[in-house]
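Colleague: Could you walk me through one part of this model up close? I'd like to hear about a single strand and whatever surrounds it.

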Amino acid sequence: MRGAEADRQRLARAALTRIVEPGDERAGRWLRELGPVALLELFQGRDRPPSPVTEERMAGYRARAAVADPVADLAAAAAEGGRFVCPGEEEWPRQLDDLGDARPLGLWVRGRPSLRLWALRSVAVVGARACTDYGAHMAASLAAGLAERGWVVVSGAAYGIDGAAHRGALAAGGATAAVLACGVDRTYPRGHAELLRRIADQGVLVAELPPGAHPTRSRFLLRNRVIAALTRGTVVVEAEYRSGSLVTARAAQRLGRLSAGVPGPVTSGLSAGVHELLRGEGTLVTDAAEVIELVGGMGELAPERQGPVLARDLLAPLTARVLEALPARSEADTREIAREAGTDTTEATARLYELQSLGFVQRQGDRWRLPAPAGAPVATGGGGR
């Protein structure tokens, strides 16, 4: 669409964000059937809706429609450096279409980067508001690791894990986006005023609600579906059994996205929800490399985990067997060692001299022993086990 018709539809969608609550699937179905202009006219007039709805519900739509002023909302967003992005436009992240009739009517965006391009390589990091120091540390280090590898960290700008994730990405000089449950011009929570300013300057603030809109409990929960749909996967760092973060992870699973969790102490109630997620469809992760292995492209594998390599790990199998045949606290002759190792005395002798040159054994007369620990008295006398 071009010209006047595109402008009408854009204005209508902006007005509808003032009228319809996020995630309203009934209104989303009407929008799909009628289009934004006709739906706005329905709310502004007296016509019957396409499907049954209570008089009280319709009265609520119409009361909001009577005061909706999309021109003023667009101007208010522009004054804060914001814009309104509609489905079908170049900047619209098409993965949000997976939400069906619960898809946002449009998105209010504040920040210079393209939301669509940033969302193509993004991961959500969410979790408890009242997090522990361990949770905050893990969220910040996880986000920093993702940012250093070129991934955008998406969260909800709340206290606790969300804030730690945003700060971790910013500290690494990386990209972060906050999906809000209020208008992009609102500072909520108040204690994150500086953080929100930094995200607006260096990243992106995103909201379904128009400028000036305030957050509510239901809006926080519905906001989570956008975080889940926008990103490649969701990582939960600390969450109780009843947690909005788990809502995000389960929404990601329903949408075919990946969900993961960072384990915590089994005695911590703040990790109980994460552990429940991990018992189901969630994947356990401990760092950014493991997250990227899940959500990244083919070949983006986490490094293989292994303990330290000890010198004796490098011994040939038979040499290691001869070493294990020596008694721990006494001596043994070559014949005894060969018998314990399951080889002949000639082979045992050759291996014992190899071990002596490497410092693993000592020869005393015609007998062999392990070196004594530093400061320990040297045992003498007859060997055997």
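Modeller: Happy to, and bear in mind that this is a predicted model. Let's start at a pair of valines: Val 237 sits across from Val 262, a residue of strand E8. The strand to look at here is E7, which runs parallel to E8 and is joined to it by five bridges. E7 also pairs with E3, again in the parallel sense, this time over four bridges. In that pairing, Val 126 is the residue facing Val 236 of E7.

Now look at how E7 is covered. Five of its five residues are buried, so E7 is largely enclosed by the rest of the structure. That goes for both faces: Gly 233, Val 235 and Val 237 are buried on one side, and Thr 234 and Val 236 are buried on the other.

Two of those residues turn up again in the packing. The largest nonpolar core has 23 residues, and Val 235 and Val 237 are among those with the most contacts inside it, along with Leu 146 and Val 291. At least two residues of this core come from each of strand E3 (122-127), helix H7 (133-148), helix H8 (161-171), strand E7 (233-237), strand E8 (258-262) and helix H13 (288-295). H7 gives the largest share, with six residues. As a general point, nonpolar side chains in soluble globular proteins tend to be buried together.

Leaving aside neighbours within four places in sequence, Val 291 is in contact with Val 123, Leu 142, Leu 146, Val 235 and Val 285. There is also a second, separate core of 22 residues, which includes Val 85, Ala 102, Ala 124 and Ala 175.

For contrast, take a look at a sheet elsewhere in the chain. Three strands form an open sheet in the order E10-E12-E11, with antiparallel pairing. Strands E10 (332-333) and E11 (362-364) stand at its edges with a single partner strand each, so one side of each has no neighbour in the sheet. Between E11 and strand E12 (residues 367-369) there are three bridges, in the antiparallel sense, and Gln 364 stands opposite Arg 367 of E12.

One last stop is a helix pair. The axes of helix H1 (residues 3-19) and helix H5 (residues 70-79) come within 8 Å and cross at roughly 90 degrees. Where they touch, Leu 11, Ala 14, Ala 15 and Arg 18 of H1 meet Pro 70, Val 71, Asp 73 and Leu 74 of H5. By class, that contact has six nonpolar, no polar and two charged residues.

Conventions: Residues are numbered from 1 along each chain as its sequence is written. This is a predicted model: local features need pLDDT of at least 70, side-chain atom pairs count only at pLDDT 80 or more; totals for chains, interfaces and linings use all residues. Side-chain values use heavy atoms; hydrogens and water are left out. Axes are lines fitted to C-alpha atoms, for helices over the stretch in contact, and angles run from 0 to 180 degrees between N-to-C directions. Contact means heavy atoms within 4.5 Å. Ala, Val, Leu, Ile, Met, Phe, Trp, Tyr, Cys and Pro count as nonpolar, Asp, Glu, Lys and Arg as charged, and the others, Gly among them, as polar. Two strands pair if DSSP finds at least two bridges between them. A nonpolar core is a set of buried Ala, Val, Leu, Ile, Met, Phe, Trp, Tyr and Cys residues joined through side-chain atoms within 4.5 Å. Buried means under 20% relative accessible area, exposed over 50%, partly exposed in between (1.4 Å probe, protein chains only).
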